[in-house]
Amino acid sequence: MGWKAAEKLIRHWKILRGDNVMIIRGKDKGETGLIKRVIRSQNRVIVEGKNLVKKHIKQGEGHTGGIFSIEAPLHVSNVQVVDPVTGKPCKVGYKYLEDGTKVRFARGMNASGAVIPRPEILKERRKPRPASPGPKDTPIELVLEKTYDEKAGIGMPDL
């Protein structure tokens, strides 16, 4: 399972991390699961608990070896988002609501046209923002200091 870059990358992804998808091709065809990870450089996704393969890991310092089952990536064309109303696989489209918000909706044959909600997992950050300022952060007093005033002539360049 070596790393291989995709020949033609998908520019606009419609499948997001945390989406409920159905596998439409492969050994797990017809099964549904949540997207665990999206690998955009390879046009692949990892679905939780699906497409399991055996991996032989050599024993090393600090860990034991053996044969482990891991989730292998699936090509994005082999999965489809599940329609939240019908429970069947569907294509994803984008539209704007009356209030101006952009939403994803189920489209295609036998699709309900219902809005597909944004996954909750995307609302939390993978790397949380630091609570305290670091050594390279500018102090708030310097940030809020007024350094330019047109009427008083403060901060004006000498021409």
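View 1. Rings of Phe, Tyr and Trp (its six-membered ring) count as a pair if their centres lie within 6.5 Å, and the planes make the pair stacked when under 30 degrees apart, edge-to-face when over 60 and tilted for the rest. By that rule, a search of the whole structure turns up zero aromatic pairs. This is a predicted model, where local features need pLDDT of at least 70, side-chain atom pairs count only at pLDDT 80 or more, and totals for chains, interfaces and linings use all residues. Residues are numbered from 1 along each chain as its sequence is written, and side-chain values use heavy atoms, with hydrogens and water left out.

Rings do turn up with charges, though: the charged end of Lys-95 sits over the ring of Phe-105, 4.9 Å from its centre. Likewise, Lys-102 has its charged end over the ring of Tyr-94, 4.9 Å from the centre. To sit over a ring here, NZ of Lys or CZ of Arg must be within 6 Å of the ring centre and within 35 degrees of the ring normal.

**View 2. Phe-105 and its strand.** Phe-105 belongs to strand E9 (residues 102-107); helices (H or I, at least four residues) and strands (E, at least two) are DSSP runs, numbered from the N terminus. Its relative accessible area is 18%, so Phe-105 is buried. The cut-offs are under 20% relative accessible area for buried, over 50% for exposed, and in between for partly exposed (1.4 Å probe, protein chains only). Follow the chain to Ala-131, 26 residues from Phe-105 in sequence, and the two C-alpha atoms are 37 Å apart in space.

**View 3. Two asparagines with positive phi.** Asn-43 sits in the loop between strand E2 (32-39) and strand E3 (44-47). Its phi is near 60 degrees, a positive value in a residue other than glycine. With a relative accessible area of 3%, Asn-43 is buried. Then there's Asn-51, in the loop between E3 and strand E4 (52-57). Asn-51 isn't a glycine either, yet its phi is positive at about 55 degrees. Asn-51 is buried, at 13% relative accessible area.

**View 4. Contacts along the chain.** Lys-27 is in the loop between strand E1 (20-23) and E2. Its relative accessibility is 57%, so Lys-27 counts as exposed. Lys-27 and Asn-51 are 24 residues apart along the chain, but 7.2 Å separates their C-alpha atoms. Over in strand E4 you'll find Ile-57, which is partly exposed at 33% relative accessible area. Ten residues along the chain lie between the positions of Ile-57 and Ile-67, with their C-alpha atoms 6.3 Å apart.

View 5. An unreviewed UniProt entry places the feature "domain: KOW" at residues 14-41. UniProt positions follow the numbering used here, feature names are shortened, and annotations may be inferred rather than shown by experiment. In the model, residues 14-41 are 0% helix and 43% strand, and the end C-alpha atoms are 15 Å apart.

**View 6. The second largest pocket.** About 220 Å³ of space lies in this second largest pocket. Of the 13 residues lining the second largest pocket, Lys-14, Ile-15, Val-76, Val-79 and Val-92 are the closest to its centre. Strand E7 (79-82) and strand E8 (89-96) are the elements that give two or more residues to the lining. A pocket, on a 1 Å grid over the protein atoms alone, is an open set of points where a 1.4 Å probe fits, with protein on both sides within 12 Å along at least five of seven lines, and lining residues have an atom within 4 Å of a point.

Note on methods: Points joined across faces, edges and corners; volume = space filled by probe spheres on them.
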